[in-house]
Amino acid sequence: MKKIEQHQIFGGQQQVWEHFAQTLQCKMKVAVYLPPIIENQALGVIYWLSGLTCTEQNFITKSGFQRYAAEHQVIIVAPDTSPRGENVPDNDAYDIGQGAGFYLNATQSPWQTNYQMYDYILEELPSLIETYFPTNGKRAIMGHSMGGHGALVLALRNPEYYKSVSAFSPILSPSIVPWGKKAFTDYLGENHKEWQKYDANMLIMQGFKVNNIKIDQGLDDEFLATQLRTDDFIETCHIANQPVDIRFHRGYDHSYYFIASFIGEHIAYHAKQLK
């Protein structure tokens, strides 16, 4: 772990670290916010997963989350969205390759060596964070769009790992929408049983559950009808008796302006679960 960036903000430290990820076979950057810490205090960690085209920088520079992380005394970790580097496969399209890891374990060539984001987020990254930072071992997870998809899938499949989960504008049924179908075909091939492992709607249909799911969704989101399928997810949760708190907001779109408007409520929600 090598620290490559640090800024003081709201009494805490916004840091960016670089390390070689064994899971991904490349160097990765990860942003870590440390609130003002009382000596010998161990804190819970919230993991933030960003969406398509993002890096670790988008969330830390655009959302204003640091004010709330300092207030609630939580560490927030924001990794990059995919493996990167000259030797890492890529594609000219914005929604496949670098910047579009989809938080899954790829099985197809040329992606399978590096694109193991599911294992990286679940195992390798928390191991590093809990080694190098003053954590109490408790985790929560949240994300936006592609990152919301990743957060929900990781939490549903590993409820023992995460105290809580939330999302902004998540891709809820990737198996049946253009973004997901394109990525899953490239990364996972034509075996649709593999696709179901990374589809929150399908996981709930199959009986996977968490204590609660918190989602905020803008009604002026240009991707709501074609890519996100929120209404389908509400119906699935109702049928499966999966508790879900989905709030719709008139006038809000898919951008970080939306995230910045409600991120404080999400951090307060997770902080309560972590304590």
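**View 1. Nine strands make up an open sheet of mixed pairing.** Reading across, the order is S1-S2-S3-S5-S4-S6-S7-S8-S9. Strands here are DSSP runs of E with at least two residues, helices are runs of H or I with at least four, and both are numbered from the N terminus; two strands pair if DSSP finds at least two bridges between them. Strand S1 (2–9) and strand S9 (244–249) stand at the edges with a single partner strand each, so one side of each has no neighbour in the sheet. From one strand to the next, the twist averages 20°. You are looking at a predicted model, in which local features need pLDDT of at least 70, side-chain atom pairs count only at pLDDT 80 or more, and totals for chains, interfaces and linings use all residues. Residues are numbered from 1 along each chain as its sequence is written, and side-chain values use heavy atoms, with hydrogens and water left out.

**View 2. Strands S4 and S6 run in the parallel sense.** Six bridges pair S4 (residues 43–49) with S6 (residues 135–144). To find one of these places, look for Tyr47, whose bridge partner in S6 is Ile141.

View 3. Contact means heavy atoms within 4.5 Å; axes are lines fitted to C-alpha atoms, for helices over the stretch in contact, and angles run from 0 to 180 degrees between N-to-C directions.

**View 4. Strand S8 has both faces covered.** Six of its six residues are buried, so S8 is largely enclosed by the rest of the structure. Buried means under 20% relative accessible area, with a 1.4 Å probe and protein chains only. On one side sit Ile213, Ile215 and Gln217, and on the other Lys214, Asp216 and Gly218. In a regular strand, side chains alternate between the two faces of the sheet.

**View 5. S8 has parallel partners in S7 and S9.** Three bridges join strand S7 (residues 165–168) to S8, and six join S8 to S9. Phe168 has Asp216 of S8 as its bridge partner, while Lys214 stands opposite Asp245 in S9.

**View 6. Helix H4 is mostly covered.** In H4 (residues 146–157), 11 of the 12 residues are buried, including Met146, His149 and Leu156.

Definitions and conventions. Buried means under 20% relative accessible area, exposed over 50%, partly exposed in between (1.4 Å probe, protein chains only). The expected span of a helix is 1.5 Å times one less than its number of residues.
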